[in-house]
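Dear colleague,

I am passing on the structure below, and I would ask you to keep it open while you read the notes that follow.

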Amino acid sequence: MTQYPDSNGRFGPFGGRYVPETLMNALLELEEAYLHYSKDPEFKAEVLDLLYRYSGRPTSLYYAKNLSEKLGGAKIYLKREDLNHTGAHKINNTIGQGVLAKRMGKTKVIAETGAGQHGVASATIAALLGLECKVFMGEEDMKRQQLNVFRMNLLGSEVVPVTSGTRTLKDACNETLRYWVSNVTDTYYILGSATGPHPYPMMVRDFQRIIGDESREQIMKYEGKLPDYVVAAVGGGSNAIGMFYPFIEDEGVKLLGVEAAGRGVDTEEHAATMTKGRHGVFQGSMSYVLQDEHGQVLPAHSISAGLDYPGIGPEHSYLKDAGRAQYVPITDQEALDALQELSRTEGIIPALESAHAIAQTIKLAPTLNKDQVVVVSLSGRGDKDVEAIMGYLGGNES
Amino acid sequence: MNLIDQKFAELKAEQKNALIPFISCGDPTLDDTVDIVKTLEAAGADMVELGVPYSDPLADGPVIQRASERALKYSVTLTDCIKLGGRLREAGVTIPLILFTYYNPIYQFGMEAFFELVVQNHISGLIVPDLPIEEDQELRRLAEQYNIHLIPLVAPTSKERVVRITKQARGFVYCVSSLGVTGERSDFHTEVDEFLDLVRRSSDVPIAIGFGISSREQVARFEQKCDGVIVGSAIVRTIENNVPLLQNAATREEGLNNIKQFVAALKG
């Protein structure tokens, strides 16, 4: 089950490369370069060195004692990806792809961003490695995440406002791909999630699997056994696949992906791709997609800009249909409640994305007994969301 | 014989080139599209590409994106666009019809059912801009079975892929003039000629060029090298500019006439 993707970039029926012909050679070159460098000890050493010395890995696996005892069920461990440099797991991937871009001789990089976390992580690595960086961001998200826009500018990147379509992550991805089609010969596209055409879903998973690899080792050390559940939020699904992948062959470990139900899966305002979507082709790969009966992609909604996406990475679709992982929805309100709960019990303000995983854990833990263990990916810190949260908690539904 | 082959054979006998306009179906309404295609034919179009509006048109620039949005406001579907073929024949249009659609609407429709409907509605060719040869086996097999030409795109970046792509081509090979999405360009890189020569050498079917071509001068330039020239955004923009005229019964003819003159001028 971990041998995927195959040579066509397929995870079972999912994945592939559904892109304009203009991009095909660039994707093939990227795949070749990645397969080459991922076996190159010097490349691996450079990436690891940056992960450890620059980003501060390994991140801790923290036993949330207060929360666990309050809920009165399983022991809850938080994988503290929020402690990474730039405040989220996104940098694991941008370090890997940034070094790869450099090895491939590219001097310009582009990236899409929703919440701004991937944009900031890309801008950071571009500054570090001396690459010229443009980040495409929906106008709507730029309003929601002004602080991150300013951070990217401080880091020397240009933020390009996307005014087409929904003006959120979905159209930021479209616009980045369109820009790449025009500038494919000298520009490297740092895709931020485990989505898009092959080889991105594989490559992003490989760069993010350090989350799961470290968690597995740490929990064995602390508990002497594997966890009963591994929980992670999914938008495109990069932190979740990074967390899940090293546990896929461990049959006793249940994998739980948490998607954004927005105002509820029975409303039209949600981003519950697995709960309400169908198989389809979207932004370069076959996967679950939120779409109408005619195959038009539907706009998503979530309080969290990072989960506000009508698609999901193809490997998640494979894990769902194979019955290996389960995907459950959490509403905006549940996420907000969980964010406050974690802030008060543990002194940790999670990102709104991660708050979805916390909310599911708060539901799950009391149903388990005290010797069971839940490992949750705390994918990012909440600083970027504080202003938005103030608006919501003040009753301002902006 | 497929109508596209027949048309290219006729043009070749007369030593002429094909002018192939692209329009977005349902822009601004499906009824308008019927009249616009009649107008294009009258202006000298040799075939027409019927664009199916899509929520995420990755290969398209702002002009065609806006056209898609206008059509989707009235929920134009893939079925509506295919059935336009039948309506166009009833309205007396005889030129070959080519459906241009992203892959997901076909996939959701069901492939066999899709081809059944395409054949019933007199459509001769199909262009799917997000389906490279690596992913098109099933669609290609069915297209052959139903005698619908699956027209492939080749790009300046295709390089050694050109031979593999052209080998399977039916109808014609759609050469993407330059890097980038659809939309008017002021000039073209000189390398485009080498690219066209490469495609010509490896192709047994006619070659046509598109992406960015908007003026008579540009059409004339590419007529030297290609059997057909595709003009999309420039025509869609002309339609966009005439939407207010088209939507008013008193000025409708004037709007259609403006489109006709623009296309007739491209033809030269």
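Between chain B and chain A about 2900 Å² is buried, with carbon and sulfur atoms giving 50% of that area (buried area being the accessible area, with a 1.4 Å probe, that two parts lose on being put together, summed over both). On the side of chain B, the residues that lose the most area to chain A are B:Asp56, B:Leu58 and B:Glu135, together 22% of what that side buries.

Please note that this is a predicted model, in which local features need pLDDT of at least 70 and side-chain atom pairs count only at pLDDT 80 or more, while totals for chains, interfaces and linings use all residues. Residues are numbered from 1 along each chain as its sequence is written, chains are lettered from A and ligands numbered from 1 in the order in which they are written, and side-chain values use heavy atoms, with hydrogens and water left out.

Across this interface the rule finds three salt bridges (a side-chain nitrogen of Lys or Arg within 4 Å of a carboxyl oxygen of Asp or Glu), and the side chains of A:Glu21 and B:Arg161 meet in a salt bridge at 2.9 Å, N to O.

Over all chains there are 21 aromatic pairs (rings of Phe, Tyr and Trp, the last by its six-membered ring, with centres within 6.5 Å; planes under 30 degrees apart are stacked, over 60 edge-to-face, the rest tilted). B:Phe22 and B:Phe100 form an edge-to-face pair, 5.2 Å centre to centre with 85 degrees between the planes. Ring pairs also link B:Phe22, B:Tyr54, B:Phe100 and B:Tyr102 into a cluster.

Best regards
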